[in-house]
Amino acid sequence: MSGLGRELWFLWRDRAAKVWLLIGCAAAGLAVVFGLTEIAAQRDMIERLKAADEIERAVTTEGHREDWGSAAYYTFHLTYDPPEEFAFAALGLRDASPWKHRVRMLALEGQIHESDAANPDFALTGRFDFAFVAAMIAPLILIMLLHDLRSRERASGRYNLLSATSADVRMLWFSRAAWRVGALTFVLLVPLWIAGFMSGAGASKLFAASLALLAHLLFWWTVIAFVNSRTWTSTVNLTALIGLWLAFAVVAPAAIKASVDAAIGVPEGGDIMLTQREAVNDAWDLPQEATMTPFVERHPDLEPYAEVEGTFEWKWYYAFQQVGDQVAEPLSVAYREGRARRDALAGRLAWLSPPAKLERALQRMAGTDALAALQYEDEVRAFHADLRAFYYPPMFKGEAVTDAALAERPNFEIPAKGR
Amino acid sequence: MTAALEAVNLTVERSKQTVLLDVSFGVAPGEVYALLGGNGAGKSTALLSFLGLLTPKSGSARVQGRSVTDDLTAARRVTAYLPEAATLYEHLSAHENLAYFLSLAKAAADRAAVDRALDRVGLQPEARDKRLGSYSKGMRQKVAIALALLRDTPILLLDEPTSGLDPVAIDEFNTLVRSLADDDRAILMVTHDVYGACQVADRIGLLRKGELVGGFERPAEGRIDTEAVHAAFAGRTVA
Amino acid sequence: MSWGSSRVSTIATAEWRLWMRSKSAIAALLAVVLIIAATSVLTAVRFTEERQERAHQQEVAEETFLSQPARHPHRMVHYGHYVFRTPPPLAIIDPGVDSVTGQSIFLEGHRQNTAMFADTRASANVGGFQTLSPASVYKVLIPLLLIALGHGVFVREREARTLAPLLAQGVSGVTLYAGKVLALTALSAALLTPMLIMSLIGVASGEAASVSLAVVAAYGAYLLVWSALIVLMSAALRTRGVVLGCLVFVWLSWSLITPRLAVASASAAEPSPGKLETDYQLKADLRKLGDGHNAADPAFNALKANLLAEYDVDSVEELPINFRGAVAQASEADLTEVMNEYAERRMALEIRQSHHANGFGWLSPTLAVSAASRHLAGVDLETHHRFLREAEAVRFDFVQGLNKSHVEELSYADDIHRNQSAEASRRARISPENWSVLNEFRFQPATADERFGAAKAPISMLTVWLTTLIAVGVFASRRLKP
C-alpha cells in the first residue's frame with residue numbers, strides 16, 4: 001500500500017464515514033433535483049404567463065382603441081426575470097422578491113412593490129437548495145467526519161503506536177483528514193456538476209462554485225484542525241465544534257442581519273406608496289398647472305402640447321400619475337439605495353460568517369441575490385419609462401390609434417445579463 | 001559495545017511535575033532491560049521519551065548514540081513499539097491491520113512474511129482474516145507483537161506487555177522475547193510484574209517516584225533472584 | 001412501582017453534579033443561556049415597538065381618511081385606506097409568518113391588493129436561518145445542548161464500566177432510565193424559565209393565559225421528546241461515538257432537512273399558480289362583468305331595465321337615484337364575488353400546502369412543535385388569511401358605503417356633468433360626513449379555542465412521539481445490559 005492509497009483504503013473501511021458521506025451525497029442530490037424542478041416550474045410559468053399576456057393584450061388592445069389614453073389605461077405589460085441556468089443551485093431571494101410583474105402606464109410606485117409571494121409557511125422555512133446544503137449541512141458533516149480523527153485514536157490507546165510506527169506522522173493525520181475533506185467535496189460536487197451540465201450552466205460558473213465550496217470546506221477544516229490540536233476528548237471536540245458551527249452559521253448571520261438593518265435605515269416601503277397615492281389623489285383637486293409644470297420639467301419636448309382643456313384629459317391624468325412617481329422619487333431612491341447599501345454591507349460583514357459568504361456567493365453566481373432583484377426592478381423601471389416614451393407623444397399630440405403605431409409599442413425584453 | 005538505547009541524565013516534566021529525575025541507563029543489543037516500578041513511578045514516561053513523544057527537560061534519550069529529539073525519524077525507523085493493552089483497529093482483520101501499520105512504517109512485508117510472523121506469535125490461521133473486534137485480548141496482543149516482529153527493527157520497546165494475559169500466554173510471550181533478544185535486538189520493557197521481569201530480563205532497573213533507585217543483573221547462570229527484587233520493590237531493602 | 005422515587009432523584013442528582021463539575025458543560029450552558037437572553041430581549045423589544053407602531057399607523061390612517069375634504073364619492077373609493085396587522089402578544093416568542101408576509105394592505109375600490117412590504121425583502125440577506133427568535137433557539141439550539149450534556153448518561157457508565165456495579169446494587173434498568181430522563185427533564189425545565197417569563201409578559205399584554213402556557217408546554221413536550229430520545233440512544237448503543245453520531249444525525253434531519261423536504265414535497269404535490277397567473281384568469285372572468293366606471297357598458301343593461309321598471313320611469317335621468325352610483329355599487333358587488341372566489345381558492349390551496357408540509361411532523365417533532373407554536377401564538381398562516389379576509393370585509397364595506405352615498409347623495413345630472421367646468425366639478429362632491437362609513441379596524445388574532453383547534457394536529461403528533469419514545473425507552477431499559 002502506498003501512503004496515499006493506504007489512507008483512502010482506510011477511509012473506505014470506516015463505516016461511519018461512509019454513512020456521513022452518503023448523507024452528504026444524498027442531500028446534495030436532492031437539493032439539485034429540487035432546484036432543477038423549481039427552475040423548470042418557474043420557466044413553465046413564464047411561458048404560460050407570456051401566452052396569457054398575449055391573449056389578454058390582444059383583447060384589451062382591440063377593446064380600447066378610442067384614444068391613446070384608454071389604450072394605455074387598460075393594457076398591462078408582462079415583465080419577468082427568467083431564472084439563469086445556474087439558478088437551480090441557489091434559489092436565493094426569488095421566493096421573497098418578485099421576479100414577475102405586470103405594469104401599465106399608471107404611477108409605477110403603486111405597482112412595482114406588489115409582491116406575488118409564495119406560501120408564507122414556505123418562505124419561513126426556506127428552500128432545500130444546493131447553497132443551503134453547501135453552507136449549512138456540509139460543515140456539520142465535515143465536523144462529524146473529522147472531529148475524532150485523533151481523539152478516537154487517543155481514547156483507544158492507538159495514538160502512541162501510530163505516532164511511533166508512522167514514518168511521517170504529520171503526513172498521516174494530514175492525509176487522513178485530506179481524504180475526508182476531498183471525499184466530501186467530491187460527493188457534494190458530483191450532483192452539482194451533473195445538474196449543471198443538464199441545465200446548461202457554464203463550466204466556468206460550475207468551476208467557480210466548486211472553488212467556493214472547496215474554500216468553505218477548507219475554512220472548516222482549519223477550524224476543526226485547530227480544535228483537534230487540543231488534546232480534548234471526542235465529546236469535548238464535538239461539543240466545541242458544534243458550538244462553533246452555531247456561532248458561524250446561525251448566530252453570526254443573525255447578528256449581521258440585525259446590525260446591518262439597524263445601521264442602514266431604509267424608508268418604510270408603505271410610505272413610498274402612501275406618498276405616491278397622496279400625490280396622485282391630491283392632484284385631482286389641484287389646479288392643472290400644478291401638475292403640468294413639474295411634468296414638462298421632465299419632458300420639455302412635450303411642453304408645446306401640455307395645455308389641458310376642460311376638467312379632464314388623459315394627458316393630465318397621466319401627467320399626475322408621473323408626478324406622483326416624481327414626488328415619491330426621493331423615498332423610492334432612498335429605498336433602492338438603502339437596500340443596495342444594506343446588501344453591500346452585508347456582503348462585507350459576511351466574511352465573519354463563511355457559510356453566509358458562501359451562500360451569498362452562490363446566489364450571486366445564480367443571479368438570485370438582492371443585486372439581481374434590484375437589477376430586475378431597474379429593468380422594470382426602464383421598461384416603464386419606455387412605455388411612457390412611447391405613449392406620451394401621440395397622446396399629447398392627440399394622434400389617432402393605428403395598427404402601425406401599436407405595432408411599435410415596446411415589449412419587455414430580457415436584457416443580456418452581465419453577471 | 002555502544003548501547004542501542006541510552007538514557008543520559010534524563011529529566012522529564014509533565015504538567016509542571018517532574019516525573020523522571022536524572023535517570024541514566026543503557027541497553028545493549030542482545031539484551032533485555034526491564035524498568036520495574038509501581039504506578040506513577042515514571043516507567044511509561046521513560047518509554048515515551050525514547051519514542052520522541054515526550055521531550056526531556058534536560059538530559060537526553062538516545063537511540064543508537066543519537067538523541068531522539070535530534071533525529072526523530074531515524075530513531076523511529078529503528079524502533080518498534082508494543083503499547084500496553086495494544087488495540088489495533090477492531091474493524092480490520094489481523095492481515096489488514098498489519099498491512100496498514102507496516103505501510104505506515106514504510107516497511108515492506110509480503111503475505112508469506114506476515115503469516116510467518118503470525119505463526120511465530122501463535123495466532124491461529126483461521127482467525128487471521130476475521131475482524132479484531134471478535135478477538136480475545138491475548139489474540140489482539142499477538143497481532144501487535146507480530147507487528148513489532150515484522151518491523152524487524154534492532155530495538156524493541158515494550159509497555160506492560162503481559163498485563164491482562166493468562167499464564168500460558170505470558171510464558172509464550174516471555175519465550176518469544178528471549179528469542180528476539182538472542183537475535184541481537186535491544187529490548188526495553190517497562191513493567192510492574194516482578195516475576196515476569198526476573199524471568200526474561202538481563203538487567204532490571206528499579207524506578208521509584210521518577211528516580212532510579214536500584215539495579216539487578218542476571219548472574220552468569222540462572223535468573224535474577226525474584227525474592228530480592230521483590231523486597232527492594234516493596235521498599236523493604238535497599239538494592 | 002418497584003422503583004423508589006428517592007433512587008430516581010438520586011440518579012438524577014448524580015447526573016447534575018457531573019454537569020456542574022464539567023467546565024465544558026458549564027461553558028455550553030452559559031453560551032445557550034446568553035443566546036436565549038439576547039434573542040428574548042431583542043425579540044420582545046422589537047415586537048413591543050411594532051405593536052405600538054402599527055396600532056399608531058392604523059389610527060393615523062383612519063384619521064387621514066376621515067379628515068379628507070369634500071370630494072366626489074368615487075374619488076374616495078380610489079383614495080383608499082390602509083389596514084395594519086398588529087402582531088399578537090406572543091409574537092415576542094414566535095414571530096411566525098409575521099416577518100415573511102406584509103403587515104399592511106392598501107384597500108381601494110375594484111381591487112384586492114396583496115399585503116405589502118414583507119421585512120425579508122428590504123433587509124440584509126445573509127442566507128441560512130437569518131433571524132433568531134426565542135422559538136428557533138428552543139427548537140434548534142437547545143436540543144444540541146441536551147445532546148451535548150445528555151448523550152453520555154448511559155454510554156459513559158458503560159464505557160467506565162460502572163453500569164454493571166449499579167445494576168448489581170439492585171437498581172433496576174427502569175429506575176436508572178427514569179433517573180436519567182428526570183435529570184434531562186429538570187435541565188429542560190430550567191431552560192424553559194425564560195420562555196415562561198416571556199409568555200407571562202404575553203399574558204400581561206392581553207394574551208389568554210391558556211394559550212400562553214400552552215406554548216411553553218408545547219416546547220416542554222418537545223424538549224422531553226429529545227430527552228427521552230437521548231437517554232434511549234445512550235442506553236441502546238454501545239459506544240459514545242455511535243451515540244453522538246446518531247443523535248447529531250437525528251438533529252440534522254429533524255431540524256434542518258425534514259422541514260425543507262416538507263416544503264419541497266408540498267409545493268410539488270400542490271403546485272401554486274401564483275397570483276399573477278390567476279390574475280389573468282380573473283381578468284378574463286371580470287371582463288364578462290363589465291367596467292363599473294362606464295355606466296354605458298352593455299353589461300349593465302339588465303340593471304338599467306330593472307331600475308327603470310322599479311321606479312317606473314323611462315330614462316336613467318328620471319331616476320330618483322344616481323344611476324352611475326348604482327352601477328358602481330352593483331359592479332363592485334359582482335366583482336368582489338369573483339375576486340373573493342379567487343382569493344378563497346388561493347387561500348384554500350395555501351392551507352392544503354401547509355397541511356401537507358405540516359404532516360411531516362410525523363417524521364420530525366421539530367416541525368410539529370413549530371406548527372403547534374405558530375398556531376398557539378396566533379402567528380400562523382390561518383391568522384394571515386384571517387387578516388386578509390377581515391381587510392377585505394373592511395374594504396368592501398367602505399367602498400359600498402361610499403357607493404351608497406354616491407347613489408343617494410349625489411344627483412345623476414351633477415355627476416355626469418362633473419368634467420364640464422371647475423364649478424360643475426365642485427357640485428359633484430359630497431360632504432366629509434359621508435367618510436364615516438369607514439369602520440374602525442383593530443386586528444385581533446383568533447380566540448384561544450380556535451387556536452387550540454388549529455394546533456390539535458401538531459400537538460397530537462408531539463404526544464405520539466413522546467409516548468412512543470418513552471414506551472420504547474422503558475422497554476429497552478428493562479433489558480439494559482452493562
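# Helix packing and chain contacts in a predicted complex

The axes of α5(A) and α14(A) cross at roughly 160° and come within 8 Å; α5(A) and α14(A) are therefore roughly antiparallel. The complex is a predicted model, in which local features need pLDDT of at least 70, side-chain atom pairs count only at pLDDT 80 or more, and totals for chains, interfaces and linings use all residues. Residues are numbered from 1 along each chain as its sequence is written, while chains are lettered from A and ligands numbered from 1 in the order in which they are written.

**Confidence**

- The predictor assigns the complex an ipTM of 0.87 and a pTM of 0.90.
- Chain C has a mean pLDDT of 87, with 97% of its residues at 70 or more; pLDDT is the predictor's confidence in each residue, from 0 to 100.

- Helices (H or I, at least four residues) and strands (E, at least two) are DSSP runs, numbered from the N terminus.
- Axes are lines fitted to C-alpha atoms, for helices over the stretch in contact, and angles run from 0 to 180 degrees between N-to-C directions.
- Angles under 35 degrees count as roughly parallel, over 145 as roughly antiparallel, 65 to 115 as roughly perpendicular and the rest as oblique.
- The crossing of α5(A) past α14(A) is right-handed (near helix turned clockwise from the far one by less than a right angle; left-handed if anticlockwise).
- On α5(A) the contact is made by Ala131(A), Ala134(A), Ala135(A), Met136(A) and Pro139(A), and on α14(A) by Pro355(A), Leu358(A), Glu359(A), Leu362(A) and Gln363(A); contact requires C-beta atoms, placed from the backbone, within 7 Å.
- This contact has eight nonpolar, one polar and one charged residues, where Ala, Val, Leu, Ile, Met, Phe, Trp, Tyr, Cys and Pro count as nonpolar, Asp, Glu, Lys and Arg as charged, and the others, Gly among them, as polar.

**Chains A and C**

- Two pairs of chains touch, and chains A and C have the most contacts.
- Chain A gives 78 residues and chain C gives 67 residues to the A–C contact.
- On the side of chain A that touches chain C, α10(A) supplies the largest share, 17 residues.
- That side of chain A divides into 42 nonpolar, 17 polar and 19 charged residues.
- Helix α10 (residues 234-263) of chain A packs on helix α2 (residues 23-66) of chain C at about 20°, with axes 10 Å apart, which makes α10(A) roughly parallel to α2(C).
- The crossing of α10(A) past α2(C) is left-handed.
- Val236(A), Thr239(A), Gly243(A) and Val251(A) of α10(A) meet Ser24(C), Ala28(C), Ala31(C) and Ile35(C) of α2(C).
- By class, the contact of α10(A) with α2(C) comprises five nonpolar, three polar and no charged residues.

**Chains B and C**

- Chain B and chain C share no contact, and their closest C-alpha atoms are 13 Å apart.

**Single sites**

- Trp179(A), in helix α8 (residues 169-199) of chain A, is buried, with 21 other C-beta atoms within 10 Å; buried means 20 or more such atoms within 10 Å, exposed 12 or fewer, and partly exposed in between, with C-beta atoms placed from the backbone.
- Beyond its neighbours within four places in sequence, Trp179(A) contacts Glu7(A), Leu8(A) and Leu11(A).
- Glu7(A) is 172 residues from Trp179(A) in sequence but 7.2 Å away in space, C-alpha to C-alpha.
- Asp312(C), which follows α12(C), has a positive phi, near 55°.
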